[in-house]
Amino acid sequence: MIKGIFSKSKKLKYATLPSELSKNEVPEGIMTKCSNCKKIMYTRELQKNHKVCLNCGYHLPMKAYERMNCILDEATFVELNAEMRTGNPLQFPGYEDKIAGDIKKTNMNEAVVTGTGEINGRKVVIAVMDSSFRMGSMGSVVGEKITLAVEKADELSVPFIIFTASGGARMQEGVLSLMQMAKTSVALKRFSDNGGLYITIMTHPTTGGVSASFASLGDYNFAEPGALIGFAGRRIIEQTIGEELPEDFQTAEFLLKHGQLDAVIPRLELKEKLSLVLEMHQTGGELEW
């Protein structure tokens, strides 16, 4: 049975924290401060822990390729459509310069990386959004790459997994950006009709048009602890309804409690949990955890 697969495991043991040091005493990049508990730790130890704080368990942002290395088996990732780049279809002033700046800063061509790979020997097509590129905003190229990845999963008859992280639709592309909500959703509907398995993992933040389209359409909708997930912003909603919202509103834990997620899974357990789900669907049998 699937019940219990996503129950909390025993608290993981973390490496010993280094003592607090001032910035002047430590070369840049060697130490990292947790944005939640403010503790300082060795960057190398943090990376070994998949960017989960060694002190408080806070999930720091991950880059797309870091996420691939964390989830996929070693040397199995093959990138798809890496050459695709955003243009400036509406001739929005300064847009091309901003895109060029993000390409240089992130060493990525867009806010999503797609490809094929394996999770404990089971082949999948995977897409990972990266909030460091235009805040993970969805433009026409992001939508196209995700659509092509879904179609590749359909062609190969393998599951499709996506990690979402986005500030929403990209205003510089106007309606062309909003159209990606429909395009990706239609591709996923075809994939589902053909028996495809679709798994989403929502990371911090997943908002706007992304949350209202492909991020919420999974056969399994998972999230990382503490992830902000929602469409409109908290302040806008409070002003609209004239009420104060709960403190944990739009967190992954809030959505789980209200039936909008299937599970909230800590990053250090995620590969194992995904593998169990893939195994269950591949064998067609029952699974006990």
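**Group meeting: a predicted single-chain model**

Good morning. The accessible surface of this chain comes to about 14900 Å², and 52% of that area belongs to carbon and sulfur atoms; areas come from the Shrake-Rupley method with a 1.4 Å probe, and for residues only the protein chains shown count as cover.

Some conventions first. This is a predicted model, in which local features need pLDDT of at least 70 and side-chain atom pairs count only at pLDDT 80 or more, while totals for chains, interfaces and linings use all residues. Residues are numbered from 1 along each chain as its sequence is written, and side-chain values use heavy atoms, with hydrogens and water left out.

On confidence, the mean pLDDT (the predictor's confidence in each residue, from 0 to 100) is 91, and 88% of the residues reach 70 or more. Over residues 11-19, however, pLDDT falls below 50, although this stretch has 16 contacts in the model beyond near neighbours in sequence. A contact here means heavy atoms within 4.5 Å. Where pLDDT is low, the predicted coordinates should not be read in detail.

Turning to the fold, the chain has 9 helices and 10 strands; these are DSSP runs, helices being H or I of at least four residues and strands E of at least two, numbered from the N terminus. Of the contacts with a separation of 6 or more, 66% are between residues 24 or more positions apart. Of the 289 residues, 47% count as buried, where buried means under 20% relative accessible area, exposed over 50%, and partly exposed in between, with a 1.4 Å probe and protein chains only.

The largest nonpolar core has 61 residues, and F160, I199, F214 and F222 have the most contacts inside it. Strand β5, residues 122-129, supplies the largest share of this core, 6 residues. Such a core is a set of buried Ala, Val, Leu, Ile, Met, Phe, Trp, Tyr and Cys residues joined through side-chain atoms within 4.5 Å. Leaving aside residues up to four places away in sequence, F160 touches V125, I126 and A127, among others.

Finally, the backbone. The peptide bond from H204 to P205 is cis, with omega near -10°, and P205 sits in strand β7, residues 198-207. K51 has a positive phi of about 60° although it is not a glycine; its place is the loop between α1 (43-48) and α2 (64-71). N120, likewise not a glycine, has a positive phi of about 50° and lies in the loop between β4 (112-119) and β5.
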